[in-house]
Amino acid sequence: MGRKTGNKVMTAAEAVERFVAEGATVGIGGQTIGRCSMALVHEIVRQGIKDLVLVGCSMSISMDIMVGAGLVKRTECGTGNLERLGTTFQWRAAIEEGRLEVEDYSHLAMASRFLAGSLGLPFMPSKSLLGTDILNKKSFDDRKPFALVDNPWNEGEPVVLLPALTPDVSIVHAQKADSMGNVIIEGFTTHEPEMVKASGSVIVSCEELVDTDTIRRDPDRTTIPYLFVDAVVLQPWGAYPTSTFRYYEHDEPHLRDYQERARAGGDAYQEYLQQHIFGHATFDDFLKEAAGADRLSELRDTMLSLL
Amino acid sequence: MRAPKMGSWYRLDELMVVEASRYIADGDIVIVGTGMPMVASLLALKNHAPNMCFVVETGTIAPQVIRTPVSVSDARVMYRAVRLGSLLDALGGVLQRGLADIGFLGGAQIDQFANVNSTVIGDYSRPKVRLPGSGGANDLASHAKKVLIISRHERRRFPERCDYITSPGYIDGPEGRKKAGLPVPYPDIIVVTDLAVMSIDKAVGRLRLDKLMPGVSLSKVGENTGFEPLLPSETASVDPPSERELRLLREEVDPHNVYLKAGDQ
């Protein structure tokens with residue numbers, strides 16, 4: 001048997017149950033309002049998988065929901081943010097109240113850590129972070145978050161070494177995949193190529209399932225070959241309410257409603273989880289309730305007008 | 001705050017964006033952070049720098065941005081780019097590689113050495129307010145040839161020393177970047193606010209007050225700054241916005257006030 005062969009198509013529920021374990025380090029795909037793997041996150045929340053360590057670059061509503069649902073013990077990232085729509089409020093509250101361990105990096109530093117993992121190397125040198133509190137302030141435990149060494153070819157020049165990051169599992173939403181697990185990400189890829197290749201297991205949800213023939217006819221479009229992928233979940237609109245490049249625009253009113261309730265916390269927030277996640281067996285049910293066909297087609301039209 | 005009535009009426013936060021855009025030259029490679037930097041860069045692109053290479057950390061290279069992106073992952077910021085690649089392409093292959101002429105960022109606190117804090121207010125381990133964190137800001141401030149910072153001017157935003165240094169300015173003085181081992185050459189750093197323009201005096205590693213916004217007095221800047229900026233013998237005045245700059249900003253860059261809200265000062 002070769003590495004990760006066979007038909008990998010399964011439901012979100014099956015994929016999460018098989019590949020996301022309690023206490024796992026989970027790589028988070030997407031960025032702010034773009035291509036967050038919402039369908040997979042809803043499933044993690046429904047299954048109540050606890051003590052997760054979430055790692056990524058710019059972590060957004062997908063991370064915030066898992067923190068808000070009480071499933072996260074630590075985050076390692078460059079930022080928690082929805083930019084113009086506000087910060088990640090549940091994440092912020094959890095840190096301010098001392099309920100969440102955080103380790104801060106810059107985005108390039110996180111991408112460099114994933115790159116090291118993806119190349120099978122123990123660490124990656126960096127010239128970011130120098131002179132700042134990202135290096136100076138103590139992190140949450142005694143594990144060494146970085147090392148400073150001398151450039152062997154230029155004595156006296158400090159270089160930061162960042163430890164490789166190899167998530168147990170990564171969750172990513174893409175535009176296209178085939179049943180083997182070959183993945184096409186269209187548009188920006190942020191930190192995902194490196195993160196996925198560094199991960200033990202990978203779950204990809206996708207807008208469209210394509211034939212392997214289609215992949216083989218145009219192989220230079222493959223962002224991630226099947227070797228790295230364990231599960232393929234066909235889930236159109238799987239990033240809603242965030243956007244998917246070429247497919248649909250983010251749903252700003254829904255995001256603003258989430259932000260309002262995440263900021264308020266308490267019952268207002270629990271109602272969101274109840275209404276939109278626990279109240280549904282599947283992501284399709286959520287889409288029907290939260291958006292509906294007309295709204296979704298509006299979002300598709302808006303995206304098409306921006307291309 | 002309203003500026004004196006000379007020519008057309010404008011707000012000082014509008015002039016802040018206009019003035020910041022003027023530091024971008026045509027052809028510059030600019031790594032653009034989220035928020036106000038995006039608006040000012042977009043204005044430069046539309047007004048006087050059609051050949052600037054707009055680079056966004058998501059991996060977007062040289063887009064012809066359309067109005068008005070709310071995020072670095074907004075399709076509006078990717079319009080007609082020459083490449084949509086990875087974060088490593090943008091922050092590694094362009095920025096850390098040393099190709100960025102300008103790194104353009106905002107921040108919650110900026111201190112006298114032009115260090116920027118976007119991580120926490122208060123103690124790191126138990127913050128009073130937790131902010132979003134570095135994102136690409138640390139990388140921008142570490143590697144760009146010139147660093148442009150834009151911020152509203154309030155005393156709490158300009159402390160003597162940041163609660164937490166997320167992105168390096170001159171750290172603690174003229175030798176700060178050298179001691180830390182940051183890449184050479186060390187950047188010019190320019191801070192544009194709605195009251196003034198300051199820049200790093202490299203000989204002392206501290207911010208110097210270069211220009212005042214029209215109608216703003218030195219004492220007004222003093223009241224709103226938690227440190228004493230170096231003072232030149234003569235302080236210049238920021239040029240008011242041209243009709244064209246104002247029109248582009250209001251009609252083509254941010255017509256729906258996504259970033260600049262009247263009264264939000």
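Chain A of this predicted model holds 12 helices and 13 strands, where helices (H or I, at least four residues) and strands (E, at least two) are DSSP runs numbered from the N terminus. Its radius of gyration is 19 Å, close to the 19 Å that the globule rule gives for 307 residues, so chain A is as compact as a globular protein of that length; the radius is taken over C-alpha atoms, and the rule is 2.2 Å times the number of residues to the power 0.38. Those C-alpha atoms fill a box of roughly 65 × 50 × 40 Å along the principal axes. Of the 307 residues, 53% count as buried (20 or more other C-beta atoms within 10 Å of the residue's own, with C-beta atoms placed from the backbone).

Residues are numbered from 1 along each chain as its sequence is written, and chains are lettered from A in the order in which they are written. Because the model is predicted, local features need pLDDT of at least 70 and side-chain atom pairs count only at pLDDT 80 or more, while totals for chains, interfaces and linings use all residues.

Now for a helix on the inside. Helix α5 of chain A runs over residues 107–118, and its end C-alpha atoms are 16 Å apart, which agrees with the 16 Å that its 12 residues should span at 1.5 Å a residue (the expected span is 1.5 Å times one less than the number of residues). As 12 of the 12 residues of α5(A) are buried, the helix is largely enclosed by the rest of the structure. Among them are A:His107, A:Ala111 and A:Arg113. After α5(A) comes A:Gly120, with a positive phi near 70°.

Over in chain B, an open sheet of 10 strands with mixed pairing runs in the order β4-β3-β2-β1-β5-β10-β11-β12-β13-β14; strands pair if DSSP finds at least two bridges between them. At its edges stand β4 (83–84) and β14 (236–237), each with a single partner strand, so one side of each is left without a neighbour in the sheet. Strands β5 (residues 102–105) and β10 (residues 146–150) of chain B pair in the parallel sense over four bridges, and B:Gly103 stands opposite B:Val147 in β10(B).

Not counting residues up to four places away in sequence, B:Leu87 touches residues including A:His107, A:Ala111 and B:Glu57 (contact takes C-beta atoms, placed from the backbone, within 7 Å).

Definitions and conventions. Contact = placed C-beta atoms within 7 Å.
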